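Please read them with the sequence and the coordinates open side by side.

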Amino acid sequence: MLPREEILRYKKHIMLPEIGIEGQEKIRNARILVVGSGGLGSPILSYLTGAGVGTIGIIDFDRIEKDNLHRQILFTESDLKKDKVTTAILKLQQHNSGIQFIAHNLKLDSSNASQIFEAYDLIIDGSDNFATRYLSNDTCVSIGKPLIFGSVLNFQGQVAVFNHKGSKNLRDLFPVPPPAEDVPNCDENGVIGTLPGIIGCMMAQEALKLITGLPTLHNEFVLFDTLQLQMRKLRF
């Protein structure tokens, strides 16, 4: 049973018939891992923290740079050169002191992915490169964990839910990543600052729906062109 202070804090959730006390308890008991605390990770982490997800793990080995600040809303000018995971957790704890945060201040690779992922119910991939996206996908498939996928570039974002209740995974849609020489370096890619906030919120929304047993994307790939405000949903 939720304590009274949590009922007061999350009453707007609890008022929703689709969530209620039972749904908020599921959120409280959930263990979610977020891969990346940057452009997508910032809104994902902020809204999962606000929603009361009980345990949130964060994987990131990067440090905060000046060109991060236009879109990575967890960080400020005073945070430059600090490591992202520690800084993010300090900010998020001020928002919700009732959350258990787990820092994974390291680079995700094939030697550690399975062991880290096993401790969580759900993985959210907010990374910015194909190697990590495919590693997250393949690890989730091998150990049977659902994966929420998102990506951003220029004015367009993409969202999907993979490996959930028998649904397909990233390799069913794109069997192999593109050749490295065909993928521009992150420093060569532009992105409008608001786009990661939009897509990150959509990813957090799918996470909360998955946790509480509400309908989520199923073998569907969402493409959102924010320049034209056009959304397409591709079935695969």
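1. In this predicted model, Gly 213 takes a positive phi of about 85°, and the place where this happens is just after helix H9.

2. Which residues of H9 are buried? They are Leu 195, Pro 196, Ile 199, Gly 200, Met 203, Ala 204, Glu 206, Ala 207, Leu 208, Leu 210, Ile 211 and Thr 212, a list that includes Glu 206 and Thr 212 along with Leu 208 and Ile 211.

3. Thr 87 belongs to helix H5, which runs over residues 84-95. Its relative accessibility is 6%, and Thr 87 therefore counts as buried, the cut-off for that term being under 20%.

4. As for the surroundings of Thr 87, a polar atom of its side chain lies 2.7 Å from the backbone oxygen of Asp 83. When neighbours within four places in sequence are left aside, Thr 87 is in contact with Ile 64, Phe 75, Asp 79 and Lys 82.

5. Glu 6 sits in helix H1, residues 4-9, and counts as buried because its relative accessibility is 17%, where the limit is under 20%. The C-alpha atom of Glu 6 is separated by 41 Å from that of Leu 173, a residue 167 residues apart from Glu 6 along the chain.

Key: Residues are numbered from 1 along each chain as its sequence is written. This is a predicted model: local features need pLDDT of at least 70, side-chain atom pairs count only at pLDDT 80 or more; totals for chains, interfaces and linings use all residues. Side-chain values use heavy atoms; hydrogens and water are left out. Helices (H or I, at least four residues) and strands (E, at least two) are DSSP runs, numbered from the N terminus. Buried means under 20% relative accessible area, exposed over 50%, partly exposed in between (1.4 Å probe, protein chains only). A polar contact is a pair of N or O atoms within 3.5 Å; within protein, one must be able to donate a hydrogen and the other to accept it, and residues adjacent in sequence count only if both atoms are side-chain atoms. Contact means heavy atoms within 4.5 Å.
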